[in-house]
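Here are a few notes to read alongside the structure.

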Amino acid sequence: MSFSRRLTRIVLWAHHFVGEVLRPGDHAADLTAGNGNDTLFLFGCVGATGRVLAFDIQEEALERTGERLVEAGAEVCRWEGGELPNRRGVYLIQEDHARLGRFCREPLRAAIANLGYLPGGDPHLVTRAESTATALCAALECLGPGGRLAVVVYVGHPTGKEEAARVERIFVALPPEGWSTLRLSAPNRPSSPYLLLAEKKNA
Ligand SMILES: C[S@@+](CC[C@H](N)C(=O)[O-])C[C@H]1O[C@@H](n2cnc3c(N)ncnc32)[C@H](O)[C@@H]1O
């Protein structure tokens, strides 16, 4: 891929930002597993000794993600209800990501939320402003000191602008004494996805 094409691949910037702080054995979350690209990336960073929680409301998405993670050598576990075992591995959770707080037993080092709908899937099964907002607030709450959250925001679908406005409000309200934030976008492509980043400062 040419440099200019890579430059605007916003997901690669999201990976760069969270990859910088993730180490083997860390705890991470993917709030929208989709086709598994982000879960796979997180697993690549935390390795077999780490723990990744991957949420999606669609069976199809978790199946794809699971297949890719198994191929990559991950120990994959489907959540079937009840308490999550407090062990290493990749946990596939078919639940609204708004329930993240219920599953987070230890601080997260990083979380990714790649909003919108499953590429090639049903465009009506799209992330929505209110549950996204609840999930992002939970992710911010679960981050440990120095932990990072990356949100890929899509405005190009019918409810995307409303969701983007809701997500922006969360980032704008983060007190600068406790949080560093950043927005990354392509100014000459106003309808393309953009990135919101937050890092919890060390106490
Ligand atoms: C853009 S895709 C994610 C792409 C994915 N991260 C990847 O690497 O391929 C968005 C995903 O969010 C999921 N989704 C929508 N609403 C959700 C919710 N409330 N909780 C969890 N996942 C949700 C959709 O099913 C879809 O698979």
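1. Start at the ligand: of the 23 residues around it, Thr32, Asn35, Asp38, Asp56 and Gln58 come nearest. A residue counts as near if one of its heavy atoms lies within 4 Å. Keep in mind that this is a predicted model, where local features need pLDDT of at least 70, side-chain atom pairs count only at pLDDT 80 or more, and totals for chains, interfaces and linings use all residues. Residues are numbered from 1 along each chain as its sequence is written, and side-chain values use heavy atoms, leaving out hydrogens and water.

2. By class, that shell has eight nonpolar, eleven polar and four charged residues. Asp, Glu, Lys and Arg count as charged; Ala, Val, Leu, Ile, Met, Phe, Trp, Tyr, Cys and Pro as nonpolar; the others, Gly among them, as polar.

3. Now the polar contacts (pairs of N or O atoms within 3.5 Å). Glutamine 58 has a polar side-chain atom 2.8 Å from a ligand oxygen. A ligand nitrogen is 3.1 Å from a side-chain N or O atom of aspartate 96, and a backbone N or O atom of histidine 97 lies 3.0 Å from a ligand nitrogen. The protein covers 96% of the 610 Å² of accessible area that the ligand has on its own (Shrake-Rupley method, 1.4 Å probe).

4. Last, the rings: there are two aromatic pairs (ring centres within 6.5 Å). Phenylalanine 55 sits in strand 2 (residues 51-56) and phenylalanine 103 in helix 5 (residues 100-103), so the pair ties together parts 48 residues apart in sequence. Helices (H or I, at least four residues) and strands (E, at least two) are DSSP runs, numbered from the N terminus.

Conventions. Polar contact = N/O pair within 3.5 Å; in protein donor to acceptor, adjacent residues only side chain to side chain. Phe/Tyr/Trp six-rings, centres within 6.5 Å; stacked < 30°, edge-to-face > 60°.
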